[in-house]
Amino acid sequence: MNVLQDKDSRRYLTSLICMVGAFVVLAPFFAWFHGKEAQALLFERERTMVSSLMEQGIDPVTIAQAMKNTEPTGAGVELLKKIGHTETASVRIFPDIDRSVRLFAGVAGGMAVLAAVVLTGMCVLYLRKREKLYRQAEGIITRFSNGNFEEHLPQNQSGSIYQLFSAVEELAVALRAQSEKEQQVKGFLRDIISDISHQLKTPLAALRMYTEIIMQEPYHVETVERFSGKTMQSLDRIEQLVQMLLKVSRIDAGSIVFHKEWLSASGLVESAAGELAVRARREGKQLVTQGDPSQMFPCDREWTREAVANLIKNALDHTGAGGTVTVFWERSPGMFQLSVADDGCGIAAEDMPHVFKRFYRSGGEGDRQGIGLGLSLAKAIVEGQDGILSVSSQLGEGAVFTISFLTDS
(Lines give C-alpha, C1' and ligand atoms only; values in the text may rest on other atoms or scores of the structure.)
Protein backbone atom coordinates (compact mmCIF):
# COMPACT_ATOMS: atom_id res chain seq x y z
CA MET A 1 0.00 0.00 0.00
CA ASN A 2 1.31 3.43 -0.95
CA VAL A 3 0.03 4.97 2.27
CA LEU A 4 2.40 2.74 4.25
CA GLN A 5 5.38 4.10 2.30
CA ASP A 6 4.87 7.48 3.93
CA LYS A 7 6.92 7.73 7.14
CA ASP A 8 4.43 10.03 8.92
CA SER A 9 1.49 7.82 7.92
CA ARG A 10 3.34 4.75 9.21
CA ARG A 11 3.93 6.47 12.53
CA TYR A 12 0.30 7.51 12.75
CA LEU A 13 -1.02 4.02 11.96
CA THR A 14 1.52 2.45 14.33
CA SER A 15 0.33 4.69 17.14
CA LEU A 16 -3.30 3.78 16.44
CA ILE A 17 -2.45 0.08 16.45
CA CYS A 18 -0.55 0.46 19.72
CA MET A 19 -3.47 2.28 21.32
CA VAL A 20 -5.95 -0.36 20.14
CA GLY A 21 -3.58 -3.07 21.37
CA ALA A 22 -3.40 -1.40 24.78
CA PHE A 23 -7.21 -1.46 25.07
CA VAL A 24 -7.30 -5.08 23.94
CA VAL A 25 -4.76 -5.97 26.63
CA LEU A 26 -6.62 -3.97 29.30
CA ALA A 27 -10.06 -5.35 28.41
CA PRO A 28 -9.53 -8.76 30.11
CA PHE A 29 -8.19 -6.97 33.19
CA PHE A 30 -11.30 -4.82 33.43
CA ALA A 31 -13.50 -7.87 32.86
CA TRP A 32 -11.66 -9.73 35.65
CA PHE A 33 -11.93 -6.71 37.91
CA HIS A 34 -15.66 -6.41 37.25
CA GLY A 35 -16.11 -10.13 37.84
CA LYS A 36 -14.31 -9.94 41.17
CA GLU A 37 -16.50 -6.98 42.13
CA ALA A 38 -19.67 -8.87 41.17
CA GLN A 39 -18.44 -11.93 43.09
CA ALA A 40 -17.81 -9.84 46.19
CA LEU A 41 -21.30 -8.33 45.93
CA LEU A 42 -22.84 -11.77 45.55
CA PHE A 43 -20.97 -13.15 48.58
CA GLU A 44 -21.95 -10.12 50.64
CA ARG A 45 -25.59 -10.60 49.60
CA GLU A 46 -25.50 -14.30 50.47
CA ARG A 47 -23.92 -13.63 53.85
CA THR A 48 -26.61 -11.08 54.68
CA MET A 49 -29.45 -13.40 53.63
CA VAL A 50 -28.10 -16.44 55.49
CA SER A 51 -27.50 -14.39 58.64
CA SER A 52 -31.09 -13.03 58.50
CA LEU A 53 -32.60 -16.49 57.99
CA MET A 54 -30.61 -17.97 60.81
CA GLU A 55 -31.71 -15.16 63.12
CA GLN A 56 -35.30 -16.08 62.26
CA GLY A 57 -34.68 -19.68 63.38
CA ILE A 58 -34.52 -21.34 59.99
CA ASP A 59 -32.72 -24.66 60.06
CA PRO A 60 -29.18 -24.32 58.68
CA VAL A 61 -29.66 -27.53 56.66
CA THR A 62 -32.68 -26.00 54.99
CA ILE A 63 -30.75 -22.81 54.29
CA ALA A 64 -27.87 -24.82 52.81
CA GLN A 65 -30.22 -26.76 50.53
CA ALA A 66 -31.87 -23.50 49.43
CA MET A 67 -28.43 -22.06 48.55
CA LYS A 68 -27.68 -25.09 46.38
CA ASN A 69 -31.01 -24.93 44.55
CA THR A 70 -30.54 -23.90 40.87
CA GLU A 71 -34.16 -23.86 39.69
CA PRO A 72 -36.63 -21.13 40.78
CA THR A 73 -40.15 -22.09 41.91
CA GLY A 74 -43.38 -20.29 41.09
CA ALA A 75 -43.95 -19.36 44.71
CA GLY A 76 -40.49 -17.86 44.98
CA VAL A 77 -40.97 -15.84 41.81
CA GLU A 78 -44.32 -14.52 43.06
CA LEU A 79 -42.80 -13.55 46.37
CA LEU A 80 -40.00 -11.61 44.62
CA LYS A 81 -42.56 -9.82 42.46
CA LYS A 82 -44.48 -8.73 45.54
CA ILE A 83 -41.39 -7.10 47.02
CA GLY A 84 -40.43 -5.51 43.63
CA HIS A 85 -37.43 -7.69 42.79
CA THR A 86 -37.99 -8.23 39.06
CA GLU A 87 -35.93 -7.87 35.86
CA THR A 88 -37.47 -4.45 35.17
CA ALA A 89 -36.71 -3.08 38.63
CA SER A 90 -34.19 -0.21 38.86
CA VAL A 91 -30.71 -1.12 40.04
CA ARG A 92 -31.05 1.62 42.62
CA ILE A 93 -33.08 -0.69 44.84
CA PHE A 94 -29.89 -2.77 45.01
CA PRO A 95 -27.36 -0.28 46.45
CA ASP A 96 -24.38 -2.60 46.12
CA ILE A 97 -25.10 -3.42 42.46
CA ASP A 98 -25.77 0.24 41.72
CA ARG A 99 -22.43 1.17 43.26
CA SER A 100 -20.64 -1.49 41.19
CA VAL A 101 -22.31 -0.37 37.97
CA ARG A 102 -21.39 3.24 38.65
CA LEU A 103 -17.78 2.28 39.36
CA PHE A 104 -17.47 0.25 36.17
CA ALA A 105 -19.18 2.97 34.13
CA GLY A 106 -16.78 5.55 35.54
CA VAL A 107 -13.73 3.44 34.68
CA ALA A 108 -15.03 2.70 31.17
CA GLY A 109 -15.92 6.36 30.61
CA GLY A 110 -12.50 7.47 31.82
CA MET A 111 -10.80 5.07 29.45
CA ALA A 112 -12.99 6.28 26.58
CA VAL A 113 -12.14 9.91 27.36
CA LEU A 114 -8.45 9.04 27.59
CA ALA A 115 -8.62 7.23 24.24
CA ALA A 116 -10.43 10.18 22.65
CA VAL A 117 -7.85 12.65 23.97
CA VAL A 118 -4.92 10.53 22.80
CA LEU A 119 -6.52 9.91 19.39
CA THR A 120 -7.38 13.60 18.97
CA GLY A 121 -3.86 14.61 19.94
CA MET A 122 -2.38 12.16 17.45
CA CYS A 123 -4.66 13.44 14.69
CA VAL A 124 -3.84 17.07 15.50
CA LEU A 125 -0.09 16.42 15.46
CA TYR A 126 -0.33 14.45 12.22
CA LEU A 127 -2.49 17.09 10.53
CA ARG A 128 -0.31 19.98 11.75
CA LYS A 129 2.79 18.28 10.38
CA ARG A 130 0.99 17.65 7.09
CA GLU A 131 -0.25 21.25 6.97
CA LYS A 132 3.31 22.51 7.51
CA LEU A 133 4.53 20.26 4.69
CA TYR A 134 1.74 21.47 2.38
CA ARG A 135 2.48 25.13 3.19
CA GLN A 136 6.16 24.59 2.48
CA ALA A 137 5.35 22.89 -0.82
CA GLU A 138 2.86 25.64 -1.73
CA GLY A 139 5.50 28.32 -1.22
CA ILE A 140 8.09 26.49 -3.31
CA ILE A 141 5.59 25.80 -6.12
CA THR A 142 4.56 29.48 -6.09
CA ARG A 143 8.20 30.44 -6.51
CA PHE A 144 8.44 27.91 -9.35
CA SER A 145 5.57 29.68 -11.11
CA ASN A 146 7.41 32.99 -10.67
CA GLY A 147 10.54 31.59 -12.32
CA ASN A 148 12.54 30.99 -9.12
CA PHE A 149 13.89 27.43 -9.17
CA GLU A 150 16.54 27.71 -6.44
CA GLU A 151 14.60 25.64 -3.86
CA HIS A 152 13.43 22.06 -4.25
CA LEU A 153 10.40 20.15 -2.96
CA PRO A 154 11.01 17.53 -0.24
CA GLN A 155 11.83 14.21 -1.90
CA ASN A 156 13.91 12.42 0.71
CA GLN A 157 11.11 10.09 1.82
CA SER A 158 8.74 7.59 0.24
CA GLY A 159 4.98 7.81 -0.03
CA SER A 160 2.26 9.16 -2.31
CA ILE A 161 2.74 12.81 -1.34
CA TYR A 162 6.48 12.62 -2.04
CA GLN A 163 5.79 10.90 -5.37
CA LEU A 164 3.56 13.86 -6.17
CA PHE A 165 6.33 16.25 -5.13
CA SER A 166 8.73 14.36 -7.40
CA ALA A 167 6.34 14.71 -10.34
CA VAL A 168 5.95 18.44 -9.64
CA GLU A 169 9.75 18.76 -9.42
CA GLU A 170 10.09 17.11 -12.84
CA LEU A 171 7.52 19.55 -14.18
CA ALA A 172 9.50 22.41 -12.63
CA VAL A 173 12.68 21.16 -14.32
CA ALA A 174 10.82 21.12 -17.65
CA LEU A 175 9.50 24.65 -16.99
CA ARG A 176 12.98 25.82 -16.08
CA ALA A 177 14.41 24.35 -19.27
CA GLN A 178 11.62 25.99 -21.25
CA SER A 179 12.25 29.30 -19.52
CA GLU A 180 15.97 29.09 -20.19
CA LYS A 181 15.29 28.19 -23.81
CA GLU A 182 12.98 31.17 -24.16
CA GLN A 183 15.65 33.42 -22.67
CA GLN A 184 18.20 31.98 -25.08
CA VAL A 185 15.85 32.57 -28.00
CA LYS A 186 15.28 36.15 -26.86
CA GLY A 187 19.00 36.69 -26.47
CA PHE A 188 19.65 35.07 -29.84
CA LEU A 189 17.11 37.33 -31.57
CA ARG A 190 18.50 40.36 -29.77
CA ASP A 191 22.05 39.49 -30.86
CA ILE A 192 21.01 38.76 -34.43
CA ILE A 193 19.15 42.07 -34.72
CA SER A 194 22.08 43.89 -33.19
CA ASP A 195 24.54 42.15 -35.52
CA ILE A 196 22.48 42.85 -38.63
CA SER A 197 21.95 46.52 -37.77
CA HIS A 198 25.62 46.98 -36.91
CA GLN A 199 27.01 45.16 -39.96
CA LEU A 200 24.63 46.76 -42.43
CA LYS A 201 25.44 50.24 -41.19
CA THR A 202 28.76 50.54 -43.06
CA PRO A 203 27.72 49.20 -46.51
CA LEU A 204 24.47 51.18 -46.42
CA ALA A 205 26.36 54.35 -45.57
CA ALA A 206 28.74 53.61 -48.47
CA LEU A 207 25.80 53.04 -50.83
CA ARG A 208 24.31 56.37 -49.84
CA MET A 209 27.62 58.13 -50.42
CA TYR A 210 28.20 56.45 -53.81
CA THR A 211 24.67 57.28 -54.92
CA GLU A 212 25.08 60.92 -53.93
CA ILE A 213 28.35 61.13 -55.90
CA ILE A 214 26.73 59.61 -59.00
CA MET A 215 23.77 61.97 -58.69
CA GLN A 216 26.09 64.98 -58.41
CA GLU A 217 28.08 64.01 -61.51
CA PRO A 218 25.58 62.19 -63.76
CA TYR A 219 27.44 63.21 -66.95
CA HIS A 220 30.92 62.26 -65.74
CA VAL A 221 31.16 58.77 -67.22
CA GLU A 222 34.35 57.77 -65.44
CA THR A 223 32.98 58.78 -62.03
CA VAL A 224 29.64 57.04 -62.67
CA GLU A 225 31.37 53.83 -63.74
CA ARG A 226 33.77 53.90 -60.82
CA PHE A 227 31.18 54.45 -58.13
CA SER A 228 28.64 52.16 -59.81
CA GLY A 229 31.21 49.41 -59.40
CA LYS A 230 31.67 50.31 -55.75
CA THR A 231 27.87 50.28 -55.37
CA MET A 232 27.73 46.76 -56.76
CA GLN A 233 30.49 45.69 -54.37
CA SER A 234 28.54 47.08 -51.42
CA LEU A 235 25.37 45.35 -52.61
CA ASP A 236 27.30 42.10 -52.97
CA ARG A 237 28.65 42.56 -49.46
CA ILE A 238 25.17 43.17 -48.09
CA GLU A 239 23.82 40.11 -49.89
CA GLN A 240 26.69 37.99 -48.62
CA LEU A 241 26.23 39.31 -45.09
CA VAL A 242 22.48 38.62 -45.06
CA GLN A 243 22.94 35.11 -46.50
CA MET A 244 25.64 34.26 -43.95
CA LEU A 245 23.57 35.64 -41.06
CA LEU A 246 20.56 33.62 -42.17
CA LYS A 247 22.65 30.44 -42.29
CA VAL A 248 24.19 31.07 -38.88
CA SER A 249 20.82 31.94 -37.35
CA ARG A 250 19.20 28.79 -38.74
CA ILE A 251 21.93 26.62 -37.24
CA ASP A 252 21.85 28.46 -33.91
CA ALA A 253 18.06 28.12 -33.77
CA GLY A 254 18.32 24.37 -34.34
CA SER A 255 16.18 24.44 -37.47
CA ILE A 256 18.84 22.71 -39.61
CA VAL A 257 18.83 18.91 -39.81
CA PHE A 258 22.13 17.52 -41.07
CA HIS A 259 21.81 14.45 -43.31
CA LYS A 260 25.03 12.46 -43.18
CA GLU A 261 26.20 10.21 -46.01
CA TRP A 262 29.51 8.68 -47.04
CA LEU A 263 31.18 11.06 -49.49
CA SER A 264 34.44 11.22 -51.42
CA ALA A 265 36.83 13.65 -49.73
CA SER A 266 38.40 14.68 -53.04
CA GLY A 267 34.99 15.29 -54.63
CA LEU A 268 33.84 17.44 -51.71
CA VAL A 269 37.06 19.50 -51.69
CA GLU A 270 36.92 19.97 -55.47
CA SER A 271 33.33 21.23 -55.18
CA ALA A 272 34.21 23.60 -52.33
CA ALA A 273 37.36 24.98 -54.01
CA GLY A 274 35.94 25.29 -57.54
CA GLU A 275 35.04 28.99 -57.63
CA LEU A 276 37.79 29.95 -55.19
CA ALA A 277 40.47 28.50 -57.50
CA VAL A 278 39.63 31.22 -60.01
CA ARG A 279 40.06 33.85 -57.31
CA ALA A 280 43.39 32.30 -56.24
CA ARG A 281 44.77 32.49 -59.79
CA ARG A 282 43.54 36.06 -60.18
CA GLU A 283 45.29 37.09 -56.95
CA GLY A 284 48.51 35.23 -57.79
CA LYS A 285 48.08 32.56 -55.11
CA GLN A 286 48.30 28.78 -55.32
CA LEU A 287 45.45 26.49 -54.18
CA VAL A 288 46.73 22.92 -53.73
CA THR A 289 44.87 19.73 -52.72
CA GLN A 290 46.55 16.64 -51.30
CA GLY A 291 45.06 13.33 -50.19
CA ASP A 292 43.98 9.83 -51.20
CA PRO A 293 41.20 10.23 -53.83
CA SER A 294 39.55 7.03 -52.58
CA GLN A 295 39.08 8.25 -49.02
CA MET A 296 35.44 8.50 -47.86
CA PHE A 297 33.94 10.05 -44.73
CA PRO A 298 30.39 10.66 -43.36
CA CYS A 299 29.00 14.19 -43.52
CA ASP A 300 26.22 16.40 -44.88
CA ARG A 301 27.21 17.20 -48.46
CA GLU A 302 26.01 20.80 -48.88
CA TRP A 303 26.70 22.11 -45.40
CA THR A 304 30.16 20.53 -45.13
CA ARG A 305 31.03 21.94 -48.58
CA GLU A 306 29.99 25.35 -47.20
CA ALA A 307 32.26 24.92 -44.17
CA VAL A 308 35.28 23.85 -46.25
CA ALA A 309 34.72 26.71 -48.72
CA ASN A 310 34.65 29.20 -45.84
CA LEU A 311 37.95 27.83 -44.51
CA ILE A 312 39.56 28.11 -47.96
CA LYS A 313 38.20 31.64 -48.41
CA ASN A 314 39.54 32.64 -44.97
CA ALA A 315 42.97 31.23 -45.90
CA LEU A 316 43.00 33.20 -49.17
CA ASP A 317 41.97 36.35 -47.28
CA HIS A 318 45.02 36.02 -45.04
CA THR A 319 47.56 34.94 -47.65
CA GLY A 320 49.48 37.44 -49.77
CA ALA A 321 50.29 37.23 -53.46
CA GLY A 322 52.62 34.32 -54.21
CA GLY A 323 51.39 32.43 -51.15
CA THR A 324 49.97 28.90 -51.04
CA VAL A 325 46.78 27.47 -49.57
CA THR A 326 46.84 23.69 -49.14
CA VAL A 327 43.81 21.48 -48.53
CA PHE A 328 44.77 17.98 -47.37
CA TRP A 329 43.04 15.07 -45.70
CA GLU A 330 43.89 11.78 -44.04
CA ARG A 331 42.05 8.98 -42.36
CA SER A 332 43.13 6.99 -39.31
CA PRO A 333 41.27 4.24 -37.44
CA GLY A 334 38.05 5.83 -36.17
CA MET A 335 38.94 9.37 -37.32
CA PHE A 336 38.86 11.45 -40.52
CA GLN A 337 40.61 14.83 -40.64
CA LEU A 338 40.52 17.51 -43.32
CA SER A 339 42.82 20.51 -42.97
CA VAL A 340 43.18 23.87 -44.70
CA ALA A 341 46.66 25.36 -44.28
CA ASP A 342 48.12 28.66 -45.47
CA ASP A 343 51.51 30.36 -45.29
CA GLY A 344 50.05 33.79 -44.63
CA CYS A 345 50.28 36.20 -41.75
CA GLY A 346 49.23 33.75 -39.04
CA ILE A 347 47.26 34.50 -35.87
CA ALA A 348 48.54 36.35 -32.81
CA ALA A 349 48.38 34.47 -29.50
CA GLU A 350 45.96 37.00 -28.00
CA ASP A 351 43.59 36.52 -30.95
CA MET A 352 43.48 32.70 -30.80
CA PRO A 353 40.63 32.45 -28.22
CA HIS A 354 38.47 34.75 -30.37
CA VAL A 355 39.05 33.29 -33.83
CA PHE A 356 35.64 31.61 -34.10
CA LYS A 357 33.64 34.46 -32.59
CA ARG A 358 31.08 36.10 -34.82
CA PHE A 359 32.30 39.30 -36.58
CA TYR A 360 35.64 39.14 -34.78
CA ARG A 361 38.50 40.84 -36.61
CA SER A 362 41.97 41.20 -35.12
CA GLY A 363 43.61 44.58 -34.90
CA GLY A 364 46.19 43.70 -37.55
CA GLU A 365 43.77 42.69 -40.32
CA GLY A 366 43.43 46.16 -41.75
CA ASP A 367 41.36 46.25 -44.92
CA ARG A 368 41.47 42.53 -45.67
CA GLN A 369 38.42 40.93 -47.25
CA GLY A 370 35.75 39.14 -45.25
CA ILE A 371 32.88 40.01 -42.96
CA GLY A 372 33.87 37.93 -39.93
CA LEU A 373 31.21 35.22 -40.24
CA GLY A 374 32.92 32.48 -42.24
CA LEU A 375 34.82 30.81 -39.41
CA SER A 376 31.85 31.10 -37.05
CA LEU A 377 29.57 29.45 -39.62
CA ALA A 378 32.13 26.72 -40.37
CA LYS A 379 32.45 25.88 -36.67
CA ALA A 380 28.64 25.75 -36.23
CA ILE A 381 28.32 23.43 -39.26
CA VAL A 382 31.06 21.07 -38.08
CA GLU A 383 29.89 20.91 -34.47
CA GLY A 384 26.29 20.45 -35.66
CA GLN A 385 27.50 17.16 -37.19
CA ASP A 386 29.28 16.13 -33.95
CA GLY A 387 32.64 17.09 -35.39
CA ILE A 388 35.44 19.35 -34.13
CA LEU A 389 36.98 22.40 -35.81
CA SER A 390 40.35 23.38 -34.36
CA VAL A 391 43.12 25.81 -35.29
CA SER A 392 46.87 26.00 -34.79
CA SER A 393 48.98 28.99 -35.77
CA GLN A 394 52.08 31.05 -35.13
CA LEU A 395 52.17 34.75 -35.94
CA GLY A 396 53.87 35.23 -39.31
CA GLU A 397 53.93 31.50 -40.06
CA GLY A 398 50.41 30.88 -41.35
CA ALA A 399 47.56 28.88 -39.85
CA VAL A 400 46.07 25.40 -40.09
CA PHE A 401 42.32 24.80 -39.58
CA THR A 402 41.40 21.13 -39.07
CA ILE A 403 37.99 19.46 -39.29
CA SER A 404 37.77 16.15 -37.40
CA PHE A 405 34.96 13.62 -37.78
CA LEU A 406 34.65 10.31 -35.96
CA THR A 407 34.07 7.28 -38.19
CA ASP A 408 32.93 3.76 -37.41
CA SER A 409 36.18 2.18 -38.56
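These are my notebook entries on a predicted model of one protein chain.

**Ground rules**

I number residues from 1 along each chain as its sequence is written. Because the model is predicted, local features need pLDDT of at least 70 and side-chain atom pairs count only at pLDDT 80 or more, while totals for chains, interfaces and linings use all residues; side-chain values use heavy atoms, with hydrogens and water left out.

**Entry: the whole chain**

I began with the overall picture. The protein chain has 9 helices and 7 strands, taken as DSSP runs (helices H or I, at least four residues; strands E, at least two) and numbered from the N terminus. Of its 409 residues, 32% count as buried. For that I used relative accessible area: buried is under 20%, exposed is over 50%, and partly exposed is in between, with a 1.4 Å probe and protein chains only.

The chain exposes about 26,000 Å², and carbon and sulfur atoms supply 58% of that. Accessible areas come from the Shrake-Rupley method with a 1.4 Å probe, and for residues only the protein chains shown count as cover.

I also looked at contacts, meaning heavy atoms within 4.5 Å. Among those between residues at least 6 apart in sequence, 71% join residues at least 24 apart.

**Entry: cysteines**

How many disulfides are there? I get 0 disulfides, taking one as a pair of cysteine sulfur atoms within 2.5 Å. Cys-299 is buried, because its relative accessibility is 0%. Cys-345 has 24% and so counts as partly exposed.

**Entry: helix α8**

Helix α8 covers residues 301-317. I checked its length against the expected span, which is 1.5 Å times one less than the number of residues. For 17 residues that gives 24 Å, and the end C-alpha atoms are 24 Å apart, so the two agree.

Is α8 enclosed or open? Since 13 of its 17 residues are buried, α8 is largely enclosed by the rest of the structure.

At the start of α8, I found a side-chain oxygen of Asp-300 within 3.4 Å of the backbone nitrogen of Glu-302. This is a polar contact: a pair of N or O atoms within 3.5 Å where, within protein, one must be able to donate a hydrogen and the other to accept it, and residues adjacent in sequence count only if both atoms are side-chain atoms.

**Entry: aromatic pairs**

I next went through the rings, and the structure holds 4 aromatic pairs. Rings of Phe, Tyr and Trp (its six-membered ring) pair if their centres lie within 6.5 Å; planes under 30 degrees apart are stacked, over 60 edge-to-face, and the rest tilted.

Phe-258 and Trp-303 have ring centres 6.2 Å apart and planes at 75°, so I logged them as edge-to-face. Phe-258 sits in the loop between α6 (221-252) and β1 (261-264) and Trp-303 in helix α8, so their pair ties together parts that are 45 residues apart in sequence. Phe-258 is buried at 17% relative accessibility, and Trp-303 is buried at 15%.

Phe-356 and Phe-401 are edge-to-face too, because their centres are 6.0 Å apart and their planes stand at 85°. Phe-356 belongs to the loop between β5 (335-342) and α9 (374-384) and Phe-401 to strand β7, so this pair ties together parts 45 residues apart in sequence. Phe-356 is buried with a relative accessible area of 18%, and Phe-401 is buried with 3%.

Ring pairs also link Phe-297, Phe-336 and Phe-405 into a cluster.

**Entry: Thr-407**

Thr-407 lies in the segment after β7 (399-406), and at 10% relative accessibility it is buried. Which residues does Thr-407 contact, leaving aside its neighbours within four places in sequence? I listed Trp-262, Pro-298, Arg-331, Gly-334, Met-335 and Phe-336. Pro-298 is 109 residues from Thr-407 in sequence, with 7.2 Å between their C-alpha atoms. The Thr-407 side chain reaches the backbone nitrogen of Met-335 at 3.4 Å.

**Entry: Thr-326**

Thr-326 is in strand β4 (residues 324-332) and is buried, with a relative accessible area of 16%. Neighbours within four places aside, Thr-326 contacts Val-288, Gln-290, Ser-339, Val-340 and Ala-341.

**Entry: Asp-386**

Asp-386 lies in the loop between α9 and β6 (388-393). I noted its positive phi of about 65°, although Asp-386 is not a glycine. Is Asp-386 buried or exposed? It counts as exposed, because its relative accessibility is 65%.
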